[in-house]
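Work through the exercises below with the sequence and the model open. Try each task before reading its solution.

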Amino acid sequence: MSADGCLLLGSPPSNWDDSQTSKVHARISDPILQHVEPVGPQYLAHARRKLYNRTFSEDDDHLAAEAEAKAKAEAALLSQDEDLTNLNNLVIEPDHKDDLKRDPRDWKAQDHYRLLGLGTMRWRATPAMIKKAHRTKVLVHHPDKKTAAAAASSNSRSSSPLLGMFTSNSTPDADNDSYFKCLQRAYEFLSDPVKRRQYDSVDPIPEESYQPIQDPADQIEQERDAEVFIEAWRPVFERESRFSAMNHRKIPSLGTEDSTKAEVEAFYGFWYSFDSWRSFEYLDSEEGDAAENRDDKRYLEKKNKAERMKRKKEDTARLRKLVDTAFSIDPRMAAFKEQDRLAKEAKKQEKLAQVKLAKMEAENEARIAKEQEQEKEAVERVKREEERKEREAKKKLIRKEKKTIKTLIKDANYYCEKGTSMTPSKLEIYLSELETLLDKVTLEDLERIRDELLSKKLTHEDKVKILMAAAQQLVIDGLAQPESLSQFGADAVERPIKTVEQPIESPTTVTSGNVPTKEWSVEEVAFLIKAANKFPGGVSDRWETIAAFVAKHTGLPQRDPEDVIRKSKAVKKASSTEASVNKQLQSHKKTFEIRDAPSVRYDIEGEIAPIQNSGTGVKATAKTKKTGSAPVSSAQVQTPASSSSATPMSSKSATPVKATSPMATTAAQKEPASESSAATTATTPDATAAPAASLWTAQEQKLLEAGMKAYPPSWKGEGDRWDKVAESVPGRTKKECKLRVKFLQDQIKAQRAAAAATGSK
């Protein structure tokens, strides 16, 4: 090492390379992962700071304050111990006059501490104090010492200050050793730790020590001032704490007026669960020594044990009452309760405010949602109104275009050859099919057809081809039946393969959803009604079960549940419609007076032939046919095939048609049998060929009557009345429904006219 304190290195080895700054002698070992637990005073200090949320300086100040308080407490205990162990300063009390006259046999009633001159020290006296006090007393009251003391007192009572102190109250008898025996008994108990503990267990305390409240004024003052309360009650709890089984240093103190709620609650919690070591064995009866046998001794022991338990309970109740009294008047607890009440009230108000705020928010949200809903409804209402106006405008345009096209066709004489015209019956069929054609095409097609018909460059034949092309396109698209547009050559068009034309003999049932299904047979309907009654509402998979029941009993393929539901509704609706029709028939029967025998309706293959006129008259025949299980009546009026103005009918026009209208039926029943029908011939149009308005089935007639009843002329609902009536008759247009009603009205008028003419003759 150099003189300036620096460490000098030796010369490098011969193989040292000056270009290298370092040399590797060995590799560093690989790191090892070890589990380390935080321990030690530094970690405890860190945890303490985190727990109490303190800084380093605050934690240091707190530790210093705790150390100072601990040092003061130890110093106080040390000074107290020094005072207690300082025997030189011990003051022994003089003999009490009552003790000098005490009988040694009544040793349980004597005060051992007072006999030894330790009446003020009592349970705080140490064994050394007890020993010194006993020796002092024995020097005066020993029998051997009493004779000399008595002689000396006769010469000079005041020669010894100590002797004068003990003999100031009375002069002991030299031959009486009773007092000395009492002293010996007192020392015997107080020098033995077990016996002294038994005596301390029943050591009487002045009654005033248990009454810190002497009058109501003291209680009022203690309830108002915490300092006064603590000063009055601290000695009480300190005297009671000597009976605690817990270490005295761990017993919580009454505290001060600045004590926290936790400290005060801990104090009262300790006293409410106080564990006392008092046994009251000192007061046991001593008669057991004189017991004659073991049974008597056991009985006495049992009796003593019961007495100890009784005293123990009484002492616990006394202490509990004492603690209850202190707890009830402690002003600190009243302040804490008030704070808790205010905090609870504040929390309640806060909760109410939150509830009120939440309610207001909910109301605002509901109001906003309602406003949005109203705005949405208003927008939708406006949209619906616009759509309605658009539909109305479109309908208006369609009606206008249709009217224009009809006017153009009428002005062109329906594109007939020059010098010719259509018969009324054919014209009616033509107009009906033209209405069907115009109802099926779109507005754009109507405008196109109108423009082409207005064109002067096209001939009548070209315009007829335009109408025929439109009708054929409808048939190809599946929007119309070929027979409904036969006047425009649509019946010659071959329909696409994807569409299956159902024969007239077995028509299909068209539902409201435009889904064709196979026609229901009478047997299927009968079993459907039976199954609906057998499996009422509430049955699991009811409609699947009904469909399976119908298929099982009829032997036919099982139908779809939706088809079963639709048919069930249709049967129910038909039943109600039939009831209303019957009721209407009964009212019509009451209206008209039948003067002649009524005619009988003919049923021709389930349909009614149209009424035809003849020049020779109207002939009524009767025939009855059973359909299903109920007889069905129909009216048929036959007309000769020859007529001067008749036009040959097509095979399709000659198909008989069923008529079950109450108006037509009533008129047919009232028609009298007469050979002359001039009036009928004059008022009824030529009907050698059946008009299209008469080609209605009985089911369509029922649906029409139900629709007319549901939408009477006084109906004020949304939309056109005849549109609603047409919707109730599937497959029929509004025009066809109007023509059918007009046709029935004309038939009734003709029959009434014929009946009036016959009556006049």
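**Exercise 1.** Which residues do ring pairs link into a cluster?

*Solution.* Ring pairs link Phe 229, Trp 233, Phe 237, Phe 267, Tyr 268, Phe 270, Trp 271, Tyr 272, Phe 274 and Phe 327. Rings of Phe, Tyr and Trp (its six-membered ring) pair if their centres lie within 6.5 Å; planes under 30 degrees apart count as stacked, over 60 as edge-to-face and the rest as tilted.

Two ground rules apply from here on. This is a predicted model, where local features need pLDDT of at least 70 and side-chain atom pairs count only at pLDDT 80 or more, while totals for chains, interfaces and linings use all residues. Residues are numbered from 1 along each chain as its sequence is written, and side-chain values use heavy atoms, with hydrogens and water left out.

**Exercise 2.** Classify the pair Phe 237 and Phe 267, then the pair Tyr 272 and Phe 327.

*Solution.* Step one: the whole structure has 19 aromatic pairs. Step two: the ring centres of Phe 237 and Phe 267 are 5.0 Å apart and the planes stand at 80°, so this pair is edge-to-face. Step three: Phe 237 belongs to helix α11 and Phe 267 to helix α12, so the pair ties together parts 30 residues apart in sequence. Helices here are DSSP runs (H or I, at least four residues), numbered from the N terminus. Step four: Phe 237 and Phe 267 are both buried. Buried means under 20% relative accessible area, exposed over 50%, partly exposed in between (1.4 Å probe, protein chains only).

Now the second pair. Tyr 272 and Phe 327 are also edge-to-face, at 6.2 Å centre to centre and 75° between the planes. Tyr 272 is in helix α12 and Phe 327 in helix α13 (residues 294–329), so parts 55 residues apart in sequence are tied together. Tyr 272 is partly exposed at 29% relative accessibility. Phe 327 is partly exposed at 24%.

**Exercise 3.** Where is Ser 244 placed, and with which residues is it in contact?

*Solution.* Ser 244 sits in the loop between α11 (226–240) and α12 (261–272). With 5% relative accessibility, it counts as buried. Leave aside neighbours within four places in sequence: Ser 244 then contacts Ile 251, Phe 270, Phe 274, Asp 275 and Trp 277. Contact means heavy atoms within 4.5 Å. A polar atom of the Ser 244 side chain lies 3.1 Å from the backbone nitrogen of Met 246.

**Exercise 4.** Which residues are linked with Arg 278 in a network of salt bridges?

*Solution.* A salt bridge is a side-chain nitrogen of Lys or Arg within 4 Å of a carboxyl oxygen of Asp or Glu. The structure holds 36 of these. The network links Arg 278 with Glu 240, Asp 315 and Arg 318. Asp 315 lies in helix α13 and Arg 278 in the loop between α12 and α13, 37 residues apart. Asp 315 is buried at 10% relative accessibility, and Arg 278 is buried at 10%.

**Exercise 5.** How many residues apart are Arg 196 and Asp 200 in helix α9?

*Solution.* They are four residues apart in α9 (residues 193–201), about one turn of the helix. An α-helix has 3.6 residues a turn, so residues three or four places apart point the same way. The side chains of Arg 196 and Asp 200 form a salt bridge, 3.7 Å from N to O. Arg 196 is buried at 11%; Asp 200 is buried at 9%.

Terms used
Helix = DSSP H or I, 4+ residues; strand = E, 2+ residues; numbered from the N terminus. Polar contact = N/O pair within 3.5 Å; in protein donor to acceptor, adjacent residues only side chain to side chain.
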